[in-house]
Amino acid sequence: MKKVLLISTFLVAYVKANEPECWSLPRYPCCSKGTKTQIRDAYGYKWGIENKNYCGILYEVKDIEKVSVNDPVTDEIIVTDPSNYCWSENYILDSHPCCKDQSPENINYIDDNGITWGIENGEVCSIGDYHTFDLDREFIQETKEEWNDFKKRWDNGEKYNFERLSVFAGDNETMLNFGWYSTTDDVPKIRYSIDKDMRDAKEFMGKQRFHEILKGIKYYSNQVTITGLKRLTTYYYQRKLNGRWEEPIKFETQDPHNYKFIFVGDPQIGGFVGKVSSLDLTRVATEDEGTRNDAFNWNRTIEKAFKVAGGKPSLLLSAGDQADSLCQNHTEDEYFLDETQYSAFLYPKLLQGIPHATAIGNHEDVNENFKNHFNAPNTYRKIENSDRIIPGYSYFFKFNDALVVVLNSNHFSCQDYTNTIKRAIAKYPNTPWRLAMFHHDLYGIGQFHSQDAYIVNQLRPCLTPLLTSNHFDLVINGHDHFYSTSHFVSFDPSKNQYAVNKINESHLKDKIFNRDRKGTLFITANCSTASKFYGGREDSFDYAYFGNQTYTATFGLLDFQMDQKNQKYRMKISYFDVESEKTVDGAFIFEKDFDEINDGPYDFGDDFDYGENDDSIEHINDCWAYIYQKKCCSDPNTDIVFIEDGLWGYEDGDFCGIPINYSATGPVTLTNKFKLIDRSVCWSKAINGNDCCQKPYAQVTQSDENGRWAFDFEKMMKDIEEKRANGELPKVGFGKGGFGKGGFGKGGFGKGSDKSMKFGNDTTTADSVPESFDTFETFDISKMLCGIYRVDENTVFITDDDDTQEQPPSDECWATKLGYKCCSNPNSKFNIFSIDQDGKWSIENNEWCGIIESTEGDDDCWATKLGYRCCVNASTEVITIDKDGQWGVEYGEWCGINI
């Protein structure tokens, strides 16, 4: 029998190699100690039976000659020759017989798990031994001893250690942000010294909040920031945990101009749950077993990444889904499991020696564990839709030459993204490198997520112009568990869509990119623990450069260098396989001349189309409206018709941003008259009862004889929640693709739209309604549209003849001599629309008003000399700490906190 011969030959060769302790692998596991010998085969090897599967005998109790035996558990007759045993008959995920013809030529297909199948007599059958793409640690002989030791330690208590330390990136390279759980409410403290005996240690106190009770134990979240770290220095730090100082931990800082970042996608620890282990094909891995398997693999990834990085990386970037548990039912058991997965993420000891920065993944979006473990710097907390659970925030930091912006892409808010990026660049305007990281892959090619409507129709239109106008070099994403890189992608305002600058043949020779780099490189990182893998899409996309699925754990490296001799900054991007340490993709090498950094905007080339009225790159930078996918008005003196996130005019049938002066040395620019649209008069309300859109930059999804329409996502979410509450929709998450299985489905926005919608080269039609909506006839997608305000002969404008507002004394109002009033509302100073050489200007009653800046208390405000004000609210939360003091955020601006 061909199959027997092949297997027997393999076993003999395997044993002669004398490599693994278990001679019967990989087809069969070895038996547990004490298992009885049931048969001896023709080669003299002894076999037992465990879990309805043959196993090789290592430890004997009693040998029994080859006989038929009954399974004592099921009382079923067991085959007596392991050579004839068919593993796939008992395979729990897809039970089938084994093919009689086991030759590779008979293979019909390979499934998502990597198992090879054939067809005989019209029936599916297995070919070859059991194997899987999943990184099942039981199957790997190289680390068997280490794995067995880890299993014991993990099961005996390591998984219950929820007090592991997170060493997070600080505001800049001189700072570190620590976070951890404790079981006492002691004041959190961290101290550090250059001496291991902690002489002359600097001690820092932080803040604490009660977080949760799990299994009867109270857990408190602690956060401490330390400052004053220098480069190329060895430090030792200690944490005071539950009233006791722990042993010092070594921490080394590296060269500020020659350093490395590790980056990973989706550790998703616990994702192995439901997979089949080679130890027992008759069942799937439990949640605890899945977490344990991935915890070991994650530690292995970190160890290998450190090795490839030369042992001294400076930072770890993780693009989201650190944990797998969704906690959808919000039970204590779900939260407990989630905490074991965070424990696994923080388990590697090497992570105590470098800071990390993590993005929020969709698997971390339903509870507050993320922000209680991780102490992120410069968080943007004035967020939209704050009535939901807030797992964490968008944030930014500078590390040596790189500015890193990390966005929460789970809940769409272009306002939040814009403000975070603006704050980051305002604070650190001249870094050579700008990196962004968020979970959802903006320009990926993965099978399950890359073309979700949420990504294509919301995230992409917002973030593409935002990343382009602010000159981001690299974006790191995850989510799709499939590796890919894009060509260089930018935003083309004349077409209101993305543009592609292809990596050409000349680039392929050395992959060095200089000033010819027009746009941003997008990398979608694969799963870094091999807990879950997905395929790639079969259709092609013009923005896609490369993609593959190695079905192995992977990681990337960013190698930053400063070449003083040639006056260049250099960033080298490479991607590696964990086990082999071989390069999967790259290297991409970006270079910038020293004189590029402070020269202002990049030169994107003469062939870059800036739009009809745009003749210079300065326009795309100065026009704030581009972040909302709108142009700025060609006439700067046009009437102000709308005030929402800025001042808007109306030209060529669309809203345009009014570029108001914001320079204290510039000329007076208050020439725009107010002709505000009366929002109480809504044309769409009169037609079908739909409200008008409250954002002038709402994206047009269709037009008809009545006007232009956009999709009102906030209204849709409220409608969904109401129908869930009434039992008309199931109380579940949104599935793999956002809203239902396919996002909004191939048909874009469903029944309410009769036109196609386009962003970039992806066109969606209204012919196909998402599966989740089709199931419930009560969901009327047409009611989710809002009418976009217009300016025509039928438009009603606000008229305000009230001239009775109370004015400050004239001698205090500097604006009077200019023909304007001063603002009566003291909060106007937080709503500045323009600045010129005369002062700051706001708007009241549809008129410009001058802001009277009080100097009262300025002598007591230490932040004044740094160009900031002090916080008005005494309870303003401390966001970050530097050498000057503690800082908070009020009204979207930094403010110093007086202690």
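Residues are numbered from 1 along each chain as its sequence is written, and side-chain values use heavy atoms, with hydrogens and water left out. Because the model is predicted, local features need pLDDT of at least 70 and side-chain atom pairs count only at pLDDT 80 or more, whereas totals for chains, interfaces and linings use all residues.

**Exercise 1.** Describe the make-up of the chain and its burial.

Solution. Begin with the DSSP runs, in which helices (H or I) need at least four residues and strands (E) at least two; the chain has 13 helices and 46 strands. Next, take buried to mean under 20% relative accessible area with a 1.4 Å probe, protein chains only; of the 899 residues, 55% are buried. Finally, with a contact defined as heavy atoms within 4.5 Å, residues 24 or more positions apart account for 66% of the contacts with a separation of 6 or more.

**Exercise 2.** Locate Ser24 and state whether Ser24 is buried or exposed.

Solution. Ser24 lies in the loop between helix H1 (2–16) and strand S1 (39–40). Its relative accessible area is 0%, so Ser24 is buried. The C-alpha atoms of Ser24 and Gly56 are separated by 5.3 Å, although these residues are 32 apart along the chain.

**Exercise 3.** Examine the span and the burial of helix H4.

Solution. H4 (residues 332–345) has 14 residues and reaches 20 Å from its first C-alpha to its last, close to the expected 20 Å, a span calculated as 1.5 Å times one less than the number of residues. H4 is largely enclosed by the rest of the structure, because 12 of its 14 residues are buried, among them Glu334, Tyr335, Phe336 and Phe345.

Terms used
Buried means under 20% relative accessible area, exposed over 50%, partly exposed in between (1.4 Å probe, protein chains only).
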